[in-house]
Amino acid sequence: MYKTILLGNIGKDCVVNTVNGKSVCNFSVAQTEKYKDAQGTQHEKTRWFDCALWRDSTSIAQYLKKGTKVLLEGQVDVKQFQRQDGTQGVGMTFRVSNLTLLGENKRDKKKLPFITFEACEEPTR
């Protein structure tokens, strides 16, 4: 087993779904890297991650809004799929085991509590 840590901002409000009777919060997180090249020019590169947090959504959905800064712990799930044109594709989802709100929302300029949420077990497929 491995653990991955992701620090970033939520890209859009979470969407709550129910799968096999269990709640899942789906949301995206943006992680931006700023760096200078050899000529000293400033660059910015943003990576997007699709995330899934399996837990009772009523206690957390109110906080998972666009602009909220979060620290995530979990694992990356990689799945192959077939596109409509018949070619193979690869999709990745960050399966969140722990989510910590880091006390701010850049979009709303709101102060949020520092709270850590743990995931429940994902239903078997």
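A word on the model before we go on. It is predicted, so local features need pLDDT of at least 70 and side-chain atom pairs count only at pLDDT 80 or more, while totals for chains, interfaces and linings use all residues. Residues are numbered from 1 along each chain as its sequence is written, and side-chain values use heavy atoms, with hydrogens and water left out.

Strands here are DSSP runs of E, at least two residues long, numbered from the N terminus. Two strands pair if DSSP finds at least two bridges between them.

Now the pairing. Strand 3 and strand 4 are antiparallel, with 13 bridges. Their hairpin has 5 residues between the strands. In that hairpin, Gly-40 takes a positive phi near 85°.

Next, strand 1. How many bridges join strand 1 to strand 5? There are 6, and the two strands run antiparallel. Thr-4 stands opposite Gly-74 of strand 5. Strand 1 is also joined to strand 3, by 2 bridges, again antiparallel. Ile-10 has Val-29 of strand 3 as its bridge partner.

Val-29 comes back in the core. A nonpolar core is a set of buried Ala, Val, Leu, Ile, Met, Phe, Trp, Tyr and Cys residues joined through side-chain atoms within 4.5 Å. Buried means under 20% relative accessible area, exposed means over 50%, and partly exposed is in between, using a 1.4 Å probe and protein chains only. The largest such core has 18 residues. Those with the most contacts inside it include Phe-27, Val-29 and Leu-99. Strand 1 (4-10), strand 3 (22-36), strand 4 (42-54), strand 5 (68-82) and strand 6 (88-105) each give two or more residues. Strand 6 gives the largest share, 4 residues.

On to Gly-11, in the loop between strand 1 and strand 2 (15-19). Is Gly-11 buried or exposed? Its relative accessible area is 18%, so Gly-11 is buried. Beyond neighbours within four places in sequence, Gly-11 is in contact (heavy atoms within 4.5 Å) with Ser-28, Val-29, Trp-48 and Lys-66. Gly-11 and Phe-27 are 16 residues apart in sequence, and 7.4 Å apart in space, C-alpha to C-alpha.

Last, a residue at the surface. Val-90 is in strand 6. Why does Val-90 count as exposed? Because its relative accessibility is 54%.
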